[in-house]
Amino acid sequence: MISTDAFKITLKDLRLLSRDRRALVILVAMPMVIIAIVGSSTGRLRANREQSRQGLTIEVADFDQSETALRLAGFLASYDSVKVRRAEITNRSDTTVLKKFQVERPTDEIDMRLVIQPSFETRIRELSTTLLTSPDESTRKDGLATVNLTLISNETATDPMMEGLGKSLVKLSLQNAILPILAEKVPSFRGAARDSAVPVAWEQSAAAKALPTDSGNRVYQFFIPSYTVLFVFFLVNIMGRSFLGERDMGTLRRLRIAPIAPVAILMGKTLPFFVLSLAQTIILMISGRLLFGMSWGPQPLLLIPIMLCTSAAATALGLMFSTLAKTESQVSSFGNLILLSSAGISGCLVPRAWMPPMSQKISLFTPHAWALDAYSELLTKELPNVSTIGQSCGMLLLFSILFFVVGLYRFRADG
Amino acid sequence: MVPLLAVDNLVKKYGNLTAVDLLSFDVEPGEAFGLLGPNGAGKSTTMMMICGLLAADYGEVRLEGRRLDRTHPESRQRMGVVPQDLAIYPDLTARENLMFFGSLYHLSGSKLRQKVDEVLEQVGLTARADDFTETFSGGMKRRLNFAAAVMHDPVLLILDEPTVGVDPQSRAHLIDCIRSLQQRGTAIIYASHYMEEVQVVCTRAAIIDHGKLLACDTIPQLLKQIPFEVELRLGQSRVPESLSLGTSARIEMDGDEAVVRFSTQNESCELTLNSDVTNILTTLARHSVSVRSIRTHEPNLERLFLKLTGHRLRD
């Protein structure tokens with residue numbers, strides 16, 4: 001009976017909401033515009049910061065195609081903090097193409113480019129045993145150019161430590177890659193050469209395939225979930241206004257006089273916004289994919305529980321707020337205060353990873369942070385941890401229950 | 001016989017203020033009962049307790065012998081409430097409003113649609129049934145506000161100032177609707193500041209102030225507490241000193257004009273008035289005092305109300 005009564009109120013509110021164009025614009029059109037504007041203006045900065053936090057992405061342009069060149073890329077990919085992406089080369093024999101790769105700096109998510117020149121393996125074989133075993137001596141000490149390798153950084157790279165790290169990792173990988181050649185020249189290296197099997201290249205893993213190939217779109221992996229969560233919680237204001245409107249119109253009293261339970265009224269008032277919130281999230285996710293090339297991660301089905309739990313927490317918070325706010329000015333002032341402060345604390349506006357540790361802990365008192373954690377785990381990790389997503393969803397449900405119970409208590413106490 | 005509604009020793013306190021103080025009254029099936037009182041008298045609090053919006057601190061309300069319990073909303077199924085403030089959705093049409101409110105009282109399907117048509121016809125809104133109510137005049141909104149409360153054929157209809165701010169035509173139409181409902185057996189509790197409406201609609205009334213019941217009886221019995229008054233305005237400022245009009249009449253000055261006032265509270269007031277008026281007019285003529293105008297003040301609820309509750313302003 002409660003669910004039937006709630007459904008009647010839900011249908012009525014959905015009908016009213018469908019006639020409220022302002023609310024629809026705020027909930028759907030505005031987030032799209034803001035994501036596009038903010039994404040295009042500050043996206044690269046954020047993307048670079050996120051990437052440096054997660055490790056290096058190195059593009060390998062292999063003009064040599066030798067076994068040693070493949071080994072080099074493979075060893076490079078075996079480091080946890082390195083993601084290797086193979087560059088598309090149209091014509092390996094064309095020197096202008098080679099020149100282009102050597103001169104043009106990589107952009108967006110590619111931190112560095114390693115160009116393996118056509119004579120790479122030949123050059124290794126030409127080098128003396130001394131030079132091969134003591135890279136810090138003679139001509140090799142100056143860098144990678146001696147072995148026909150070119151390493152260039154991203155055009156916006158500002159972190160010399162990351163650059164240095166990249167260079168060191170390439171050198172270490174090179175040492176492993178040349179072991180078979182060394183073994184041919186120095187028998188004592190044969191054992192080491194036998195043990196130096198190339199690990200599976202990162203680019204062949206499932207996670208690598210799920211990540212976007214268009215580097216420019218990577219920023220939206222951060223922006224769309226962040227702003228989706230932010231705007232889902234905008235419902236707090238709209239729900240507050242709806243409740244206040246119902247109270248001002250006197251219809252809330254009429255609902256309370258009717259033979260229906262208070263919990264049915266609250267459920268009926270909450271469900272339309274839950275539906276709206278889900279619709280908003282789905283539209284933003286689909287638009288994000290179609291318009292901005294955002295990826296849904298390696299396990300897109302996991303988006304469903306995240307979206308459901310986030311919407312539940314947002315609408316329950318909206319409900320609680322609605323039972324607390326008594327006037328239009330309270331809805332505006334407290335609503336905006338809640339929205340902006342929780343968005344700021346939680347990491348919707350500034351990534352949590354950039355925050356001090358204490359702020360990161362405080363952010364966990366907001367449902368937004370748990371929603372962002374879940375989205376981040378799913379959308380930015382190569383292999384998302386399902387239990388982490390489950391934990392975030394569980395916390396969101398706990399927030400929902402807490403908010404709903406407080407709202408129900410306030411509603412009953414109001415008479 | 002069990003009354004339809006029994007209000008028994010209701011008490012409601014807000015801190016130190018006792019809004020309703022041991023209030024008791026009954027309403028019989030099909031009866032129209034007026035609830036009168038100045039602002040802050042406790043009328044709205046009483047009605048809120050009857051319809052389950054407020055919990056009483058003490059006492060109880062019974063409908064058809066069953067105690068009304070706030071925690072059992074189904075007990076409100078047989079009751080309809082027309083709130084003082086409009087309680088309709090401006091962004092829904094009249095029909096959509098009635099469909100929604102009817103469905104809350106468990107009407108559905110063809111029965112609901114049929115009832116919506118019937119009630120729209122009853123309140124004269126059939127032609128505007130599919131228009132958004134935000135385009136309605138005040139009177140039309142009031143009629144729809146009323147219609148929403150009677151969709152489920154309640155046995156008891158509580159009306160709180162149902163005609164506030166409406167044009168005379170809508171008011172007359174609403175009063176006709178209320179009387180028609182009552183004639184069909186619906187009991188009415190009618191709270192209003194428009195005493196003449198209460199006098200027209202109700203057969204019995206209670207007057208409350210400061211949460212206490214001051215009077216509760218049939219309208220004719222209540223009116224017996226108020227004298228029938230006659231006022232003769234004399235066309236001069238002075239009257240002869242020898243003029244004597246008897247003990248029941250008094251001569252007073254109203255500005256520059258002398259006024260003779262007398263009243264009666266007898267059961268057979270018509271007979272007494274007849275002779276009193278004849279005697280006074282004869283005496284005045286004998287002293288060559290002309291009468292400019294004669295006004296009568298019949299007993300009515302407003303005078304009784306002011307007599308019982310005083311003339312002090314209430315906020």
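Leaving aside neighbours within four places in sequence, with which residues is A:Ala258 in contact? The points below take up this question and then turn to chain B.

1. Basis of the note. This is a predicted model, in which local features need pLDDT of at least 70 and side-chain atom pairs count only at pLDDT 80 or more, while totals for chains, interfaces and linings use all residues. Residues are numbered from 1 along each chain as its sequence is written, chains are lettered from A and ligands numbered from 1 in the order in which they are written, and side-chain values use heavy atoms, with hydrogens and water left out.

2. A:Ala258. Apart from its neighbours within four places in sequence, A:Ala258 is in contact with B:Pro73, B:Arg76, B:Leu104 and B:Tyr105; contact means heavy atoms within 4.5 Å. The residue sits in the loop between helix 13 (251–257) and helix 14 (262–292) of chain A. Helices (H or I, at least four residues) and strands (E, at least two) are DSSP runs, numbered from the N terminus. A:Ala258 is buried, at a relative accessible area of 0%; buried means under 20% relative accessible area, exposed over 50%, and partly exposed in between (1.4 Å probe, protein chains only).

3. The interface. In total, 30 residues of chain B are in contact with 23 residues of chain A. The two chains bury about 2,400 Å² between them, and 65% of this is on carbon and sulfur atoms; buried area is the accessible area (1.4 Å probe) that two parts lose on being put together, summed over both. B:Leu53, B:Tyr89 and B:Leu104 supply 26% of the area that chain B buries against chain A, more than any other three residues.

4. The sheet of chain B. Six strands form an open sheet in the order 6-7-8-3-9-10, with mixed pairing; two strands pair if DSSP finds at least two bridges between them. Strand 6 (79–82) and strand 10 (212–218) of chain B are the edge strands, each pairing on one side only. From one strand to the next the twist averages 15°. Strand 3 (residues 32–36) and strand 8 (residues 187–191) of chain B pair in the parallel sense over four bridges, and B:Ala32 has B:Ile188 as its bridge partner in strand 8.

5. A helix on the sheet. Helix 5 (residues 168–183) of chain B packs on the sheet and touches strand 3, strand 7 and strand 8; its direction makes about 145° with that of strand 8 of chain B. Axes are lines fitted to C-alpha atoms, for helices over the stretch in contact, and angles run from 0 to 180 degrees between N-to-C directions.

6. Helix 3 of chain B. In helix 3 (residues 109–122) of chain B, B:Leu112, B:Lys115, B:Val116, B:Val119, B:Leu120 and B:Gln122 are buried. They lie on the same side of the helix because they cover an arc of only 155° around the axis, the arc being that of the directions from the helix axis to the C-beta atoms. These buried residues pack against helix 2 (94–104), helix 4 (138–150) and helix 5 of chain B. The face turned away from the buried side carries the exposed residues B:Ser110, B:Gln114 and B:Glu121.

7. Positive phi values. B:Leu22 is not a glycine, yet has a positive phi of about 50°; this residue lies in strand 2 (residues 17–27) of chain B. B:Asp153, also not a glycine, has a positive phi of about 50° and is found in the loop between helix 4 and strand 7 of chain B.

Definitions and conventions. Expected span 1.5 Å × (residues − 1).
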